[in-house]
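Please look over the sequence and the structure first.

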Amino acid sequence: MPRFGCLMLLWWLLPGASASAGEPMPSSSSAWFENPARTRGLLGSTALPLHEGEGFIGQQALFATVAEVGLSERVSVSVASAVPVVALARTFSDVPFSLMGGIKVTRPLTERLHLAFGVQGGSFDSDLYELQTLNAVAVYGILTYGTGDAHVSLTVQPFVAWGSFHSGSVMVLPMLGGFVRLGEHWGLAGEVALSPVDGVSGAFGFATAGARFMGRNWSLDLGVLSEQQWKDADRPSVLPGGSFLFHWR
């Protein structure tokens, strides 16, 4: 698969939905508003809670239009699509089909330790970059320690992926991520992950690093992603990225 296809897999297969656990997370400063983006990393997700009825919508990693809403204090659902961006890039050609959906359930183990698990799947159908049709179904578990202002998360996600040029295979994506809030309106985030077995994209690893800026009803992530396929002698691919989301309560 071309290098672009491997990078696209990262946002598409990582957990996007975030669930709710019922109690507001404590803030490191009583004067600070609650971090609206506490439920996600730069690409992945955390097990920290959304509140019932809380959600967001916007553009993530430039490529995906995403939306998420908490159905209850423990369950949330999400949808994502690359159609708007890809359609603009292909104004005079066929518009591809792209849709992903997921559901996530979380449980607070202690005041600072949360466990979440879920399932998601979808399909991307396009001849852009010779990707053709790509499908995937994934289950995942996330363990997060900390608060909305400083936390670390471990995600383990086995998934089955198949496409036009691949009959299907089981892959796994362990990921470690974290965030620290350095001021009321900004902080730093990052993730490292690897997929140690060959599959529809081959074995690969990646890392992200960036800054998060936030208000009460919005968040902006600016950072870079570096990806390397283990059997590829070329230099790692490095891409800048950004996400802008509108949040509501």
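The structure described here is a predicted model.

## Salt bridges around Asp221

Side chains of opposite charge can pair when their charged atoms come close. Six salt bridges are present in the structure. In one of them, the side chains of Arg40 and Asp221 meet at 2.8 Å, N to O. This pair joins distant parts of the chain, since Arg40 lies in the loop between α1 (3–13) and β1 (55–60) and Asp221 belongs to strand β13 (residues 218–229), 181 residues apart.

Asp221 also takes part in a salt bridge with Arg212, where the closest N and O atoms are 2.8 Å apart. Arg40 counts as buried because its relative accessibility is 2%, a value under the 20% limit. Asp221 is likewise classed as buried, at 2% relative accessibility. Arg212 has a relative accessible area of 0% and is therefore buried.

## The pair Arg181 and Asp149

Another salt bridge is formed by Arg181 and Asp149, with 2.7 Å between the closest N and O atoms. Here too, distant parts of the chain are linked: Arg181 is in strand β10 (residues 175–183), while Asp149 is in the loop between β6 and β7, 32 residues apart. Both residues, Arg181 and Asp149, are buried.

## A network of salt bridges

Salt bridges also connect several residues into a network, made up of Glu34, Arg38, Glu54 and Arg249.

## A nonpolar patch on the surface

The surface carries a nonpolar patch formed by Leu109, Leu115, Leu143, Tyr145, Val152, Leu154, Val156, Leu176 and Val192. Together these residues have about 750 Å² of accessible area. The elements contributing two or more residues to the patch are β6 (132–147) and β7 (150–156). Strand β7 provides the largest share, three residues.

Leu115, one of the patch residues, is located in strand β5 (residues 113–126). Is Leu115 buried or partly exposed? Its relative accessibility is 34%, so Leu115 counts as partly exposed. That class lies between the limits of 20% for buried and 50% for exposed residues.

Definitions and conventions:
Residues are numbered from 1 along each chain as its sequence is written. This is a predicted model: local features need pLDDT of at least 70, side-chain atom pairs count only at pLDDT 80 or more; totals for chains, interfaces and linings use all residues. Side-chain values use heavy atoms; hydrogens and water are left out. Patches are made of residues with over 30% relative accessible area and no salt bridge: like charges are joined within 9 Å, nonpolar side chains (Val, Leu, Ile, Met, Phe, Trp, Tyr) within 5 Å. Accessible areas come from the Shrake-Rupley method with a 1.4 Å probe; for residues, only the protein chains shown count as cover. A salt bridge is a side-chain nitrogen of Lys or Arg within 4 Å of a carboxyl oxygen of Asp or Glu. Helices (H or I, at least four residues) and strands (E, at least two) are DSSP runs, numbered from the N terminus. Buried means under 20% relative accessible area, exposed over 50%, partly exposed in between (1.4 Å probe, protein chains only).
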